[in-house]
Amino acid sequence: MSTDNLKNIHMQVMWNRLISVVEEQALALIRTAFSTSVREAGDLSAGIFDQQGRMLAQAVTGTPGHVNTMADAVPTFIADIGPENIFEGDVYLTNDPWKGTGHLHDFTVVTPSFRDGQLIGYFAATAHVVDVGGRGFGPDAREVYEEGICVPIMKFAVRGDINRDLVNILRNNVRESDKVVGDLYALAACNDTGHRRLMEMMDEFELSDLEGIGGFILERSLAATLERIAALPRGKYKNEMTLDGYDQPVTLKVELEVGSDGLLADFAGTSPASTYGINVPLAYAKAYACYGLKCVIAPEVPNNTASLAPFSVAAPEGCILNAQRPSPVAVRHVLGHFVPDLVLGALHHFLPERIPAEGSGALWNLHVSARPAQADSGLPPAEILMFNSGGTGARPTLDGLSSTAFPSGVHAMSAEATEQTGPIVVWRKELREHSSGAGQYRGGLGQVMELGPREGYVFRFNAMFDRIGNPARGRAGGLSGEPGKVSLSDGTVLRGKGTQHVPPGERLVLELPGGGGFGAPAKRDRDALRHDLANGYIDEAGLLKHYGLTPEQLNTEATQ
């Protein structure tokens with residue numbers, strides 16, 4: 001074996017080890033976090049960066065919206081703090097939507113990593129905290145200033161000493177102070193875990209810095225990604241979709257330009273920014289656009305600064321995917337989560353065999369503020385956050401996934417974990433029958449959830465749901481999935497967005513949307529249809545309406 005081959009193998013081993021380091025970093029955050037959104041749902045990211053702030057590796061555990069915005073955020077941290085003010089033992093943080101991940105509820109924490117007194121790189125991690133004050137987690141604000149406290153890029157710790165004034169300010173501006181402050185310490189601790197594991201790795205491989213392995217990672221990742229792009233047909237391809245919005249529908253448009261050295265996603269023509277908090281800072285729209293493109297074009301190339309570099313975005317200032325300060329952005333994920341389906345629809349023009357149908361897209365996050373029914377009861381108030389998912393779109397050769405988060409990748413929170421966080425009872429949590437879009441391959445099913453307060457409590461909730469008026473579209477002849485629905489147990493229909501109350505004696509019912517189907521329903525395998533019918537995924541009426549068959553005809557075919 002040649003010397004070059006041996007060197008490449010050695011570098012690849014170190015690269016894999018580096019990914020393991022940041023994965024342990026992420027797992028340390030999950031083990032130490034206070035918020036269920038981190039512990040149970042994995043709404044986080046973790047990564048290692050070189051001395052210039054270029055991301056070398058990210059943890060597999062985490063969400064694209066966090067990690068891809070973090071790739072842009074770390075160089076901003078370095079510039080704002082100033083290289084001359086970076087010391088061993090420092091920890092930096094921010095939740096600035098335009099310098100972090102797009103809304104105030106996410107804190108990004110960056111820790112410089114020193115070896116033998118020399119700066120060699122950075123560890124960074126992001127997590128969603130349960131509260132940042134203001135109106136709470138919801139879309140009703142008219143300016144970002146109403147949405148909670150904004151912490152600019154600053155030092156959480158200086159040479160190992162915690163900034164007690166910052167901690168005190170945060171404690172007095174949020175509703176769940178122990179959880180929020182605890183999560184900040186968990187973020188700092190996970191970065192420290194990453195640093196310690198990195199030092200062990202560098203001792204083992206006798207490394208004094210990250211320049212050699214970092215250069216290898218970035219060079220190979222860029223070359224591999226450009227190779228995949230070079231195989232694509234040149235041209236411009238368009239797609240658009242209409243979504244519910246807050247008080248009026250929103251149109252997202254993209255023109256995807258495929259060149260020899262990259263892809264540009266241009267969102268010109270997209271609706272202007274809303275007066276409500278559904279707006280998206282460009283960094284977040286870019287994060288999910290790059291994710292959607294990379295999933296199809298170069299999925300096997302590890303995610304880092306170089307593998308993301310060939311994918312770029314543009315959007316008019318002031319459109320809803322490039323909202324400017326002080327636009328409200330609290331639930332920027334709702335529209336942001338549809339960006340992958342938007343760009344995938346453009347890719348479908350020339351890669352139809354790889355592109356799934358549209359899915360439910362945005363998480364159906366539910367933020368509940370539970371309060372005692374009697375002010376003098378002595379019962380404590382609580383803030384409860386739940387992440388729930390509808391169905392994904394059918395794939396060109398497989399059914400969609402039921403109640404699965406795409407593109408965010410976060411986990412659904414179990415009923416048991418949710419009920420431990422506050423005075424709430426989950427009465428029902430089950431797959432939603434006949435909610436998937438029909439097709440040769442059907443979409444994934446949504447779910448039905450029914451919940452209410454425990455005795456002695458009432459609650460209000462912040463709705464941040466979509467695909468109620470605009471269901472997930474099928475592809476290649478597949479049908480749309482069922483739209484979502486929000487209601488009370490007495491049948492009263494509620495709005496898909498905004499703060500609302502659940503009256504005493506009533507429960508909240510969420511019916512999450514299903515994914516679109518792929519291919520003509522008439523082509524669906526008959527054994528698959530029998531399986532769907534037997535398991536309640538479709539009913540007899542749906543079988544006849546969408547597939548033109550009765551159960552008797554289906555059974556007769558089985559005996560022939």
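Which domains does the domain assignment of the chain give? The assignment, which comes from an automatic or database source, gives domain 1 (3-221), domain 2 (356-521) and domain 3 (525-559). The model is predicted, so local features need pLDDT of at least 70 and side-chain atom pairs count only at pLDDT 80 or more, while totals for chains, interfaces and linings use all residues. Residues are numbered from 1 along each chain as its sequence is written, and side-chain values use heavy atoms, with hydrogens and water left out.

The centres of domain 1 and domain 3, taken over C-alpha atoms, are separated by 50 Å. Helices (H or I, at least four residues) and strands (E, at least two) are DSSP runs, numbered from the N terminus. For helix α5 (residues 177-205), 29 residues at 1.5 Å a residue should span 42 Å, and the end C-alpha atoms are 42 Å apart, which agrees; the expected span is 1.5 Å times one less than the number of residues. E206, which follows α5, has a positive phi near 55 degrees.

Grid points are joined across faces, edges and corners, and a volume is the space filled by probe spheres set on the points.

The largest pocket has a volume of about 510 Å³. Its lining comprises 28 residues, of which Q58, A59, V60, Y291 and N303 are the closest to its centre. At least two lining residues come from each of β2 (55-58), α3 (64-81) and α7 (282-297).

Two cavities of 30 Å³ or more are found in the whole structure. The largest cavity, of about 120 Å³, is lined by 18 residues, with D43, Y284, R332, H333 and H337 closest to its centre. Domain 1 and domain 2 both give residues to this lining, so the largest cavity lies between them. The second largest cavity holds about 30 Å³ of space, and its lining includes R135, R175, E383 and R460.

The whole structure contains 31 salt bridges (a side-chain nitrogen of Lys or Arg within 4 Å of a carboxyl oxygen of Asp or Glu). One of them joins the side chains of R325 and D96 at 2.8 Å, N to O. R325 lies in the loop between β11 (311-314) and α9 (332-336) and D96 in the loop between β3 (91-94) and β4 (106-115), so the pair ties together parts 229 residues apart in sequence.

Methods
1 Å grid on protein atoms, 1.4 Å probe; cavity = no way out; pocket = protein on both sides within 12 Å on 5 of 7 lines; lining within 4 Å.
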